[in-house]
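Work through the exercises below with the sequence and the coordinates open. Each task is followed by a solution in steps.

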Amino acid sequence: MDSSSYIPPSQRSLSDSDLQEALGRVRSDYEGTLEAMAFLEEQAKLRAEDNAQFSTWVEKMQQNGTPQALWALENAMRQRSGLPPLPAPNFNQIENDLPDTSGVLLPSSDREAPQVLGSARVEVETEVDTAPTDLPSYDLQISPEPVSADSVLQSVAEPVPDPVPAPSLAAEVITVDSEPRVNRRSQAISQFWAWLGLSGSVLPFGMGALLGQFDVSFLQGVLAVALASLASASVISIGSLAGKRSGLATVFLSRAAFGVGANAAPAIVLVLARVFWSSVLLWSLFVMSESVGSSVSQTITFNGLGLVAPAAVLIIATALAFYGGQVLFKAQQIAGTVGVVVGLLLISVTTSGIAWNDLLLESNRSWVATFASATLIFSIFGLAWSGTGADFARKLSVNQLGLKVVGLAFISLAIIPTLFGSFGLALARGMRSFGPDFLGAYEANFVSALADYGYPWLAGVLGVSALLSLAVILAMSQYSTNLGLHALGLKLRPIVAQPVLALLVGLIAGLVVYTVRTDVAWQLVADYAVFFAVPMAAWSGIFASDVLIRRIAYHEISLSRTYGFYKSVNVLNVSGWFVATVIGLGLVDASSPGLTWLGYLAPSLTNPDYWLSTNFGGLVALAIGVLVPLATGILRIKRQEAEVLAIEARRTELLDVLGILE
């Protein structure tokens, strides 16, 4: 294609402003009115011809699909919107470096229709703490077919709900592109069910076992659980809000904050952390299965449970992650519901044996230990999932209120874990009739402890519920990991990605099981959890702050182009993430081989033991991350949004492409 083909056809008709000026010169008498009518008829004909020529040229550019054609198309749309043109990029570099964006600009099986490069999908939203007003977004598309002006204007005023396709067991198509509108029909209540699969399980009861290792009273422990759950719900639900706005995955959206190219650095950390936590889940299942199998073998047959159960859970999780979509969502609903029912059953059966008066009258102990335990729980249950919030909100309808999305996610992520975690601590500390040894057994494995101390049938029910929950949680982790790989440019189909991830997770977990003693492995897990928590906390702070500053949807095309609104590198945010990570790692402690260098800043402080014992480095990294966009990014983000809104403000010009005269 020669260079002249990239030049859009010239427009012979007058622009709106020129047209109004010309009409103003027409006399207001009878002859002038006739003259004006003839003039408008001529201009309408010319504009229709211009639109037809421009539509043909747009189709050629889309079919061409080269960076030159896409750049020409982008500038043509900017010119029609009254925006300055973009400078010519290095097209050879773009061909080599950019991910495949054919799903954005060209028709494919999972897209509704070809989209115009530069079209803006805008939804305005108020702050989370007020009642937000979400305006529907629109994909402005080029179509050579005639369209009725009345029908289009009516659809803009009152959007028609997308048709709901029939459920299918086909694997979900994984892509970094935004979800097509036909798939974005989920309601805000879906966020409650999506995260109930994580929180509505036996895992929050394990918080009690974790808190039992800290020098805190019962009420201080409840406070620690509540603070950790609230912080966890905050970082995850803000990601859900971003996913609702854009229909995009979390790691891909992170490009807006860090830059299209520079986002690879935190994205790699997020993916590695996801693989780490998946391996920890499977390894902990090995340990728990062996203990539970030996404890309840008198009432239930668990032959080879230590190996069979983890293998079965991994296979089920891989299948759920492979199908994704509605299949994974239904599994989240089932596992969450079963987990809540079993949790309530545990509470109803054991609550009468707890010495509540003794617990409530316990005197306060160490407040440092209280906040240290809250930090640890937040690192495990919050930061571990902070990079997945948008992954399970991509199919939310844009018409859903942001406050409702966040609120329902909070119920699952904050209220339920606080209730179950607090009761888990009460169960560990308050079952006086079991004797002093129960606390140690509960901290080691609370399911087997219940079996050993008089509740074997309840331990069996809890064990089955735990297997179901862990299968779903592991599937959620693998599903998000594949989305992160896509954002990094490693676009593996689920039929390839999920078995490979399952094999990797199984190998890591098996290596730990058969080469490391259990007590050493627990310390290894705790140290690496702290290590990964620091850079993830720094990323979470920057990402959450960036999301809350924004008020409109992301410009999807710019998320794939280094010369778009978000550029290749956001120097300030990347530098802030690096500095926050360096400072945070210098204020945490670890004793495992390879991590003894952590805490390098603590000796230079006035109270090094305080910092190393509390591991507040993660919170310091989070705070720095939050402050960086607030201090340096507000004006930049407002400028980005002003340009996107300028495109939306010229919707009349873009509607002319459809052959519509308003």
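The exercises that follow concern aromatic pairs, a helix crossing and a loop residue in a predicted model.

**Exercise 1.** Classify the ring pair of Phe276 and Trp277, and state whether each residue is buried or exposed.

Solution. 
- A pair of aromatic rings is described by the distance of the centres and the angle of the planes.
- For Phe276 and Trp277 the centres are 5.1 Å apart and the planes stand at 65°.
- Planes over 60 degrees apart count as edge-to-face, so the pair of Phe276 and Trp277 is edge-to-face.
- Phe276 has 14% relative accessibility and Trp277 has 10%; buried means under 20%, so both residues are buried.
- In the whole structure, a search finds 20 aromatic pairs.

**Exercise 2.** Describe how helices α14 and α17 cross, and which residues make the contact.

Solution. 
- Helix α14 spans residues 325–350 and helix α17 spans residues 402–430.
- Their axes come within 11 Å and cross at roughly 35°.
- The crossing of α14 and α17 is left-handed.
- On the α14 side, the contact is made by Gly339, Val340, Gly343, Leu344, Leu346, Ile347 and Thr350.
- Phe420, Phe423 and Leu427 are their partners in α17.
- Sorted by class, the contact of α14 with α17 contains seven nonpolar residues, three polar ones and no charged ones.

**Exercise 3.** Where does Leu587 lie, is Leu587 buried or exposed, and what does Leu587 touch?

Solution. 
- Leu587 sits in the loop between α23 (571–585) and α24 (608–614).
- The relative accessible area of Leu587 is 7%; under 20% means buried, so Leu587 is buried.
- Leu587 and Ala602 are 15 residues apart along the chain, and their C-alpha atoms are separated by 5.6 Å.
- Leaving aside residues up to four places away in sequence, Leu587 touches Gly599, Leu601, Ala602, Leu605, Trp611, Asn615, Phe616, Gly617 and Val620.

How values were computed
Residues numbered from 1 in each chain as written. Predicted model: local features only at pLDDT ≥ 70, side-chain atom pairs only at ≥ 80, totals over all residues. Heavy atoms only, no water. Phe/Tyr/Trp six-rings, centres within 6.5 Å; stacked < 30°, edge-to-face > 60°. Buried < 20%, exposed > 50% of the residue type's maximum accessible area, 1.4 Å probe, protein only. Axes fitted to C-alpha atoms, helices over the stretch in contact; angles between N-to-C directions. Helix = DSSP H or I, 4+ residues; strand = E, 2+ residues; numbered from the N terminus. Left-handed = near helix turned anticlockwise from the far one by under 90°. Contact = heavy atoms within 4.5 Å. Nonpolar A, V, L, I, M, F, W, Y, C, P; charged D, E, K, R; others polar.
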